[in-house]
Amino acid sequence: MFQIPHLHNVLVWILLIILFPYITCLSIYSGVSDERSGVSVFGSSPITDGAVATLPAADSKDFDSNEEDDDDVDLFGEETEEEKKTTEERAVSVKASTKKKESGKSSVLIDIKPWDDETDMKKLEEAVRSLLMEGLFWGASKLAPVGYGIKKLQIMCTIVDDLVSVDTMIEEQLTVEPINEYAQSCDIVAFNKT
């Protein structure tokens, strides 16, 4: 019918879906009601009683006992006293674990670049260190060459994560008066959680 090989399986599947109800109706109306009642496929031998596999009697008893075990399962979700106790214990343990923990600290390395080579770097460092906030601790600093005789200030600070936001510190503190008289830009070079 079709010459496209990859559509062959799709075509057979569609035909089976369409024709299956008609085949079952024809088998019912023709008087064939049992699978073993004389229907045979061309080229195969009819099924005999010896060829049909049956479950041993012991296995069927085990199957019945499994059904009785299923009666113990509660399908409506009613909690027993034991389950209520365990849920209460879990809730208490979750509340205990979510109590206030020590907030983390972070080490931040900041590059502060001056406007030009004539900028007084000592005054720049003093202006940066004059920024005092709760949870902000200034550390070591050094001057690193950028190029053409210009040096940048690299300064380390430690912050308490819950109290200080580095982004707001740079945007609202390090880029406003009096620091912006000396500093052209501020960049975060390294940010390490401790």
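1. E125 is partly exposed, with a relative accessible area of 23%; partly exposed means between buried (under 20% relative accessible area) and exposed (over 50%), using a 1.4 Å probe and protein chains only. E125 forms a salt bridge with R129, the closest N and O atoms being 3.1 Å apart. A salt bridge here is a side-chain nitrogen of Lys or Arg within 4 Å of a carboxyl oxygen of Asp or Glu. R129 and E125 are 4 residues apart in helix α4, so about one helical turn separates them.

2. This is a predicted model, in which local features need pLDDT of at least 70 and side-chain atom pairs count only at pLDDT 80 or more, while totals for chains, interfaces and linings use all residues. Residues are numbered from 1 along each chain as its sequence is written, and side-chain values use heavy atoms, leaving out hydrogens and water.

3. An open sheet of 4 strands has the order β2-β3-β1-β4 with antiparallel pairing. The edges are β2 (136-147) and β4 (183-193); each has a single partner strand, so one side of each lacks a neighbour in the sheet. Helices (H or I, at least four residues) and strands (E, at least two) are DSSP runs, numbered from the N terminus, and two strands pair if DSSP finds at least two bridges between them. Between β2 and β3 (residues 150-160) there are 9 bridges.

4. Helix α4 (residues 121-129) lies across β1 (105-114), β2, β3 and β4, at about 15 degrees to β3. Such angles run from 0 to 180 degrees between N-to-C directions, with axes fitted to C-alpha atoms, for helices over the stretch in contact. Contact means heavy atoms within 4.5 Å. Helix α5 (residues 166-174) also packs on the sheet and touches β1, β2, β3 and β4.

5. The largest nonpolar core has 22 residues, and those touching the most other members are I110, I112, L124, V128, L136, C157 and L174. A nonpolar core is a set of buried Ala, Val, Leu, Ile, Met, Phe, Trp, Tyr and Cys residues joined through side-chain atoms within 4.5 Å.

6. Which residue meets D111 in a salt bridge? The partner is K152, at 2.9 Å, N to O. D111 lies in strand β1 and K152 in strand β3, so the pair ties together parts 41 residues apart in sequence. D111 is buried at 6% relative accessible area, and K152 counts as buried at 16%.

7. K113 forms a salt bridge with D187, with the closest N and O atoms 2.5 Å apart. This pair links strand β1 to strand β4.
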